[in-house]
Amino acid sequence: MLLNFASDPQANVLWLLSSPSYDAQQFRRKREQIVRGLLPESGITPESPILFDEQELKDLNPDIPKRNSQRIYETSIEPAGSGSAIFQRLNSTSVSGISYFHNLYATDRIQPDMLVKDFYWWLDHDTPWHVRDMIIKRNQTLAIDQALSSISRWKRCRELYFGDAQKCRHAGIIKALDGIPIVVKDEVSVPGYTTSYGLDPQRISKRFPIHNKESQSEVVKRMTDEGAIVLGKSNQHIFGLGAFGLNPHYPRMGNIFNSAYIPGGSSSGSAMYVAAGGPLAIGTDGGGSVSIPAANNGVPGLKPTEGKITTQNYDDAAPGLVVIGLLGQTFSDLAEGYRVTSQKWPTNDVFEALTDLRIGIDPGWFQHASSDVAQTTLTCLQTLISNIESNDGIAPELMAMDFLPDSHEKALWDTHAVLFGRGEAEGKADFIDTGIPAEIELALIMGLSLNMSTIERAQENKRRLTHHVQNNIFLSFTTPIDIFLKPVVKGLIRYSGILFCHLFNTSSKA
């Protein structure tokens, strides 16, 4: 999507800032009337959503053969070698962002504290206008302290093992993410920072406390315990209520490759950071908030299954929909980040699954997608099949199937809109009348105005759909497929190489 006046950066900023300049008093006088009109226009009626027909879901795909599957793909018990064979295979086709930085530290070409300083210098002095607000909060003292701890470990690694990172890992000298610079989406709590969900705390009347180690999100603790350096909090669509990734409080944002286009959201800043060369970032996803900005900016993204990555001490306004996700330079970075944040290790069943992999495709979803998106998805699928076939000598089996009946499409949309909208509204209701942007306030009021019968039907639909996925698609021991593939957004193809250190005007050895 193009921004208004896309060729003029200053006009873009004015356009983005126009929202909070809306006549607040006039809006408040008329907002109840506005809400009553907007709900039907959005497609949400008193009868929405229509309930899924459980028997119709069960009767889908009668001709697809079932098979017994007792595989367990991950374990909380660390295997010998920390599952290194899995990650070595993931690294076989490209250099991961994590290994790139570890190699710099191991060979003493740059040290973590200098990298932190160089990053902040680059962000302040040498970034394009549409990248400057990808990081909206920073705590340089905290970042330098984390970097200095990493320096001492890397120094010992060089002294004892000549910088051999693998040997140092096995000896317990360095950690999985030692010295790896990350950013964290603003709505995820980090010690030493406020959590304001993308809002500028100076522009609204509500106050935000600074988090400490006890109140930090567990996912952040797990990454920093493994040596990660938090460079800052990343920009986002306020409260996650939008997929454009634009923020009138921090408007200097655009697609990393073309400032005339949106970055996608809501985890826009995290995606832009990785697209600029950062190795790993934390985002959240309740309806595409990782996958959309990842695709728009040409980076891998992971929205895990609910419960896979801890949400302890995360203010989840829509439980069951929103999860904490990751964005990374490569899929190897995502795998390592997932291992650290989930505290799970892959099993040998992962390799075994590749010998008889079944990939489900719903032709209807491809027909609904635009032709270029559908073609890009199929091209990527063919690449995946070719890679597996070259590694294992066996091509995955493609199976045409229906994920949902076509008649359920609107009910699916309505269900998500109701659950996410209501959850966010209940969790953020105390922000109404505090000076937040008008369209965000309107979205909260719309969520609060949903009637209880609508909410209960949406909750029942979620239960029915979860049961359908678990018992008819994936997770039962007679599962017909291993992967369900669908087109979402056409991603950008990035050129090979890690850009991070080369973006800085740096005096380091890198």
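**Cysteines.** I started at Cys 168, which is buried, with a relative accessible area of 0%. Keep in mind that I am looking at a predicted model. Next I checked Cys 157: it counts as buried because its relative accessibility is 0%, and the cut-off for buried is under 20%.

What joins these two cysteines? I found a disulfide between Cys 157 and Cys 168, with an S to S distance of 2.0 Å. Cys 157 sits in helix α7 (residues 140-161) and Cys 168 in helix α8 (residues 165-170), 11 residues apart. I then looked at the handedness: the torsion about the S-S bond of Cys 157 and Cys 168 is about 95°, so this disulfide is right-handed. I also searched the whole structure for disulfides, and the count came back as 1.

**Helix α10.** Next I went to residues 268-275. How many residues of α10 are buried? I get 8 of 8, so I noted this helix as mostly covered. The buried residues include Ser 268, Gly 269, Met 272 and Tyr 273.

What do they pack against? My list has two helices, α6 (112-125) and α11 (291-297). It also has the strands β3 (181-185), β4 (229-234), β5 (280-285) and β7 (323-328).

**Strand β9.** Then I moved on to residues 358-361. Are the faces of β9 covered or open? I see both covered. Arg 358 and Gly 360 are buried on one side, and Ile 359 and Ile 361 are buried on the other.

For the neighbours, I looked up the bridges. β9 pairs with β10 (residues 397-400) in the parallel sense, over 4 bridges. In that pairing, Ile 359 has Leu 398 as its bridge partner. β9 also runs parallel to β11 (residues 483-485), joined to it by 3 bridges. There I noted Ile 361 opposite Leu 485.

**Whole chain.** Last, I stepped back for the totals. I count 18 helices and 11 strands in the chain. Of its 510 residues, 54% are buried. For contacts with a separation of 6 or more, 77% come from residues 24 or more positions apart. The accessible surface comes to about 23300 Å², and carbon and sulfur atoms hold 54% of that.

How values were computed: Residues are numbered from 1 along each chain as its sequence is written. This is a predicted model: local features need pLDDT of at least 70, side-chain atom pairs count only at pLDDT 80 or more; totals for chains, interfaces and linings use all residues. Side-chain values use heavy atoms; hydrogens and water are left out. Buried means under 20% relative accessible area, exposed over 50%, partly exposed in between (1.4 Å probe, protein chains only). Contact means heavy atoms within 4.5 Å. Accessible areas come from the Shrake-Rupley method with a 1.4 Å probe; for residues, only the protein chains shown count as cover. Two strands pair if DSSP finds at least two bridges between them. A disulfide is a pair of cysteine sulfur atoms within 2.5 Å.
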